[in-house]
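Thanks for coming. I have a few notes on one structure, so please look at it while I talk.

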Amino acid sequence: QQSISPTAMFFNKSLASADRDLVSQSIGLFLMLLVDLVGIVGNVAVMFVIIKTPLFKKFVFVFHLCLVDLTAVLILMPLGMVSSSALFNNIEFSDTLCQIYLFLSMLFISASILSILAINVERYYYIVHPMRYEVRMTLKLV
């Protein structure tokens with residue numbers, strides 16, 4: 001019977017653990033890329049429909065929400081993927097880039113909240129004053 005030293009056993013376990021970590025990191029990165037791709041396609045599709053359909057021209061707030069979300073998907077999600085994945089451990093971000101990332105994150109979150117607020121105020125006005133809605137809620141006012 002062959003005996004295995006504790007050091008060799010620890011080394012083999014750590015290799016197996018490293019392989020599992022690499023696989024789980026790769027799966028996580030793939031899923032993040034999939035969410036990113038779905039975000040891009042979905043937002044572009046909604047924006048395209050709003051632009052091409054004359055009846056939907058008044059959905060400016062939804063268009064703005066899609067635009068903010070698309071910008072966040074294109075800028076923030078790739079930076080978030082690179083910074084959070086162990087597959088990119090050798091990439092270091094400067095303090096300035098981290099501050100810009102935080103600023104853009106807060107900017108896009110605030111813009112999304114304001115867009116949703118504007119959509120809710122518009123819907124409230126439509127429900128409470130349905131007869132005056134078409135007269136008062138023009139593209140110029142929006």
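I start with Phe59, which is partly exposed because its relative accessible area is 29%; buried means under 20%, exposed over 50%, and partly exposed in between, with a 1.4 Å probe and protein chains only. This is a predicted model, where local features need pLDDT of at least 70, side-chain atom pairs count only at pLDDT 80 or more, and totals for chains, interfaces and linings use all residues. Residues are numbered from 1 along each chain as its sequence is written, and side-chain values use heavy atoms, with hydrogens and water left out.

What does Phe59 pair with? A search of the whole structure finds one aromatic pair (ring centres of Phe, Tyr or the six-membered ring of Trp within 6.5 Å; planes under 30 degrees apart are stacked, over 60 edge-to-face, the rest tilted). Phe56 and Phe59 form that pair, which is tilted, at 5.5 Å centre to centre and 55° between the planes. Phe56 has 30% relative accessibility and therefore counts as partly exposed.

Next, helix α3, residues 95-128. Helices here are DSSP runs of H or I, at least four residues, numbered from the N terminus. With 34 residues at 1.5 Å each, α3 should span 50 Å, and its end C-alpha atoms are 49 Å apart, which agrees; the expected span is 1.5 Å times one less than the number of residues. Buried residues of α3 include Leu104, Phe108, Ala111, Ser115, Ile119, Glu122 and Tyr125.

Last, Ile27, in helix α1 (residues 6-52). Ile27 is partly exposed, at 47% relative accessible area.

Note on methods. Helix = DSSP H or I, 4+ residues; strand = E, 2+ residues; numbered from the N terminus.
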